[in-house]
Amino acid sequence: MILSLIRDIDKILIGKGYLSEEVVRYLSAEKKVGAGEIAQAALNEGLLTEEQLAMALAGHFQLKYVEIKAYQWNEDMARLVPVELMLRHEVIPYGMENGHLIVAVADPTNVEAVDEIELVTGVPVSLVVASSRDIKVFLKRLQDSQGILREAADDLVHIVRETDEGEQILSLEKFTKETSPIVRLVDSSILEALNRRASDIHLESGQNGIVIKYRIDGVLYPAAEPIDSQFQSQIISRIKVMSELDISEKRIPQDGRFRMGFQGKVIDFRVSILPTIFGEDAVIRILDKESITAEFGELRLDILGFNPRELKRFRRMISEPYGMILVTGPTGSGKTTTLYGALSEINRTDEKVITIEDPVEYQLKDAVQIPVNEKKGLTFARGLRSILRHDPDKIMVGEIRDPETAQIAVQSALTGHLVFTTVHANNIFDVIGRFMHMGIDPYNGCSTR
């Protein structure tokens with residue numbers, strides 16, 4: 001940012017209260033800097049922060065100040081403004097408003113950047129101001145993630161040309177070599193998902209190739225440009241090898257899981273493979289138990305964003321000796337985390353708490369936790385029947401998926417147990433219909449409250 005070109009920058013900072021006249025006189029006399037260089041000198045001396053400078057400039061030019069740290073990257077903006085252009089001018093496309101492209105800049109006088117963006121996009125540009133440091137950090141992170149995935153994707157071309165003219169030969173040896181670009185592509189995609197705190201990785205096959213997407217805070221974002229569809233089978237096979245699935249079977253869905261070490265901890269991944277008209281798609285669910293523990297410390301309901309009135313009511317309900325606490329909502333809405341928070345608050349050494357989950361996502365102190373293993377015959381229903389013979393006080397059922405589990409859970413709630421569970425539904429009224437469809441008597445369902 002060329003601060004010296006911003007006229008009367010010293011007076012702007014004094015007027016906004018970020019520098020005093022004494023500091024300006026000190027910098028002018030001791031550091032021998034001109035009026036236009038005061039801001040840079042103050043930054044160098046630690047007398048002014050990047051954020052204060054950005055807010056002063058925003059106020060002076062009557063623009064909005066934004067914090068890039070809180071900005072959720074919008075992949076649609078990346079398609080509109082080339083990354084190279086963002087890096088060269090140190091700007092970030094921030095959104096669309098009233099037909100204008102909103103661009104975050106550190107220097108509101110950068111007319112050249114505005115003109116070039118308008119020329120490339122064909123859309124009029126409006127500016128918001130952010131700190132130069134935040135913009136640089138964001139662009140560095142964006143550049144790193146784009147570079148890793150693009151480098152791994154580019155190397156795929158060499159693999160096929162070295163094999164027998166496009167016919168893909170799949171073998172365990174091929175996918176376990178560290179030098180394989182396929183391995184590097186999958187591993188780097190997982191690494192980037194962990195760094196971006198994604199909950200899921202989607203690999204979707206289509207006419208334009210295979211696209212890798214991350215689900216972050218419930219929204220899907222493409223990770224990079226589509227990869228040629230000729231590599232689709234190799235990428236999916238790599239994931240199958242990691243999950244110990246059958247790489248020769250491509251006509252039926254498959255489910256598996258694997259574990260990876262990352263930053264000194266072990267993370268579980270749940271994999272779902274689904275055949276489509278363009279080949280197989282994969283979804284990898286990231287289950288980072290230790291990240292939840294580190295982020296929340298002691299997981300309690302206070303930190304989950306409850307309204308104070310609803311929090312009081314909910315705490316009263318979970319203190320009951322029996323009944324059913326049922327949380328509903330779409331995937332990734334926080335159902336299981338809410339139940340964990342409730343159990344953490346009421347978990348006492350004089351009561352037995354048993355959970356059955358698929359998989360165990362958070363480790364509860366002094367609780368007996370059972371992971372579902374359908375391949376070995378341990379389903380929710382079978383596990384729940386066994387749990388009842390272990391004299392529990394409180395039971396958590398990860399999800400009610402079938403009529404048998406629903407029947408047992410309701411009966412448990414009616415016979416002196418406090419049952420915590422979830423159901424996939426869009427709202428509470430849909431749950432009533434789901435339960436009736438599963439054969440639950442409406443009277444029994446109402447009696448569990």
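**Entry 1, ground rules.** I am working from a predicted model, in which local features need pLDDT of at least 70 and side-chain atom pairs count only at pLDDT 80 or more, while totals for chains, interfaces and linings use all residues. I number residues from 1 along each chain as its sequence is written, and side-chain values use heavy atoms, with hydrogens and water left out.

I noted 19 helices and 15 strands in the protein. Both are DSSP runs numbered from the N terminus, helices (H or I) of at least four residues and strands (E) of at least two. Of the 449 residues, 45% are buried, that is, under 20% relative accessible area with a 1.4 Å probe and protein chains only (exposed is over 50%, partly exposed in between). Among contacts (heavy atoms within 4.5 Å) with a separation of 6 or more, 58% are between residues 24 or more positions apart.

I went back to helix H14 (residues 308-318) and helix H15 (residues 335-346), whose axes come within 10 Å and cross at roughly 65°. Axes here are lines fitted to C-alpha atoms, for helices over the stretch in contact, and angles run from 0 to 180 degrees between N-to-C directions. From H14, Phe314, Arg315 and Ile318 meet Thr338, Ala342, Glu345 and Ile346 of H15. I sorted the residues of this contact into 4 nonpolar, 1 polar and 2 charged. The classes are nonpolar for Ala, Val, Leu, Ile, Met, Phe, Trp, Tyr, Cys and Pro, charged for Asp, Glu, Lys and Arg, and polar for the others, Gly among them.

I then checked helix H11 (residues 181-195) against helix H12 (residues 232-243): they pack at about 70°, with axes 9 Å apart. H11 is therefore roughly perpendicular to H12, the term for 65 to 115 degrees (under 35 is roughly parallel, over 145 roughly antiparallel, the rest oblique). This crossing is right-handed. On the H11 side I listed Ile182, Val183, Leu185, Val186, Asp187 and Ile190, which meet Gln234, Ile235, Arg238, Ile239 and Met242 in H12. The contact residues divide into 8 nonpolar, 1 polar and 2 charged.

Is Glu280 buried or exposed? I found Glu280 buried, at a relative accessible area of 6%. Glu280 sits in strand E10 (residues 279-287). Its side chain makes a polar contact of 2.9 Å with that of Lys240. A polar contact is a pair of N or O atoms within 3.5 Å; within protein, one must be able to donate a hydrogen and the other to accept it, and residues adjacent in sequence count only if both atoms are side-chain atoms. Leaving out residues up to four places away in sequence, Glu280 touches residues including Ser205, Gln232, Ile236 and Glu249.

I placed Thr355 in strand E12 (residues 353-357) and found it buried, with a relative accessible area of 0%. Its side chain makes a polar contact of 2.6 Å with the side chain of Glu357. Beyond four places in sequence, its contacts include Leu343, Leu364, Ile387 and Met396.

I looked up Leu384 in helix H16 (residues 380-388); at 1% relative accessibility, Leu384 counts as buried. Leu384 and Ile395 are 11 residues apart in sequence and 8.7 Å apart in space, C-alpha to C-alpha. Ile395 is also among the residues that Leu384 touches, as are Ile356, Val397 and Ile408.

Note on methods: A crossing is left-handed if the near helix is turned anticlockwise from the far one by less than a right angle, and right-handed if clockwise.
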